[in-house]
Amino acid sequence: MSANRNEHSPHHDKLPIRMLHDRVLVRQDTGEGERRSGGGILIPATAAVGRRLAWAEVVAVGQNVRTVETGDRVLYDPEDRAEVEVRGVAYVLMRERDLHAVAADRFEGAEDSTGLYL
């Protein structure tokens, strides 16, 4: 496996960065504003909610990362994050162990698979 697997992502130009060890670089999903509940109720961005995890797309991984690949969607705690800006785009840098779940197409079709790896 390549230490920098960004070149396979259709959404990103090759980043001028190489991740080390067990580090994962992700781009946050845009979801900081208003959102709708499953029943269609509009929830404003200022509404107080409990601790809420967030989804992000993996854009680069270090050579020791075993469970995620570039392009996967991962669930993480936005309170435990380190932000970095590369070419004017904000990313979140974290360790692989700080991820809570992985959603990837490669899990579909596996026996008893929901598409999520928790």
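Which side chain meets that of Arg 23 in a salt bridge? In this predicted model, local features require pLDDT of at least 70 and side-chain atom pairs pLDDT 80 or more, whereas totals for chains, interfaces and linings use all residues. Residues are numbered from 1 along each chain as its sequence is written, and side-chain values use heavy atoms, without hydrogens and water.

The partner of Arg 23 is Asp 22, with an N to O distance of 2.8 Å; a salt bridge denotes a side-chain nitrogen of Lys or Arg within 4 Å of a carboxyl oxygen of Asp or Glu. Asp 22 also pairs with Arg 95 (3.6 Å, N to O). Because Arg 95 belongs to strand β7 and Asp 22 to the segment before β1, this pair ties together parts 73 residues apart in sequence; strands (E, at least two residues) are DSSP runs, numbered from the N terminus. Asp 22 is buried, at 18% relative accessibility, while Arg 95 is partly exposed at 29%; buried means under 20% relative accessible area, exposed over 50%, and partly exposed in between (1.4 Å probe, protein chains only).

The largest nonpolar core comprises 15 residues, and Val 24, Val 26, Val 68 and Val 74 have the most contacts inside it. Such a core is a set of buried Ala, Val, Leu, Ile, Met, Phe, Trp, Tyr and Cys residues joined through side-chain atoms within 4.5 Å. Strand β4 contributes four residues, the largest share of this core.
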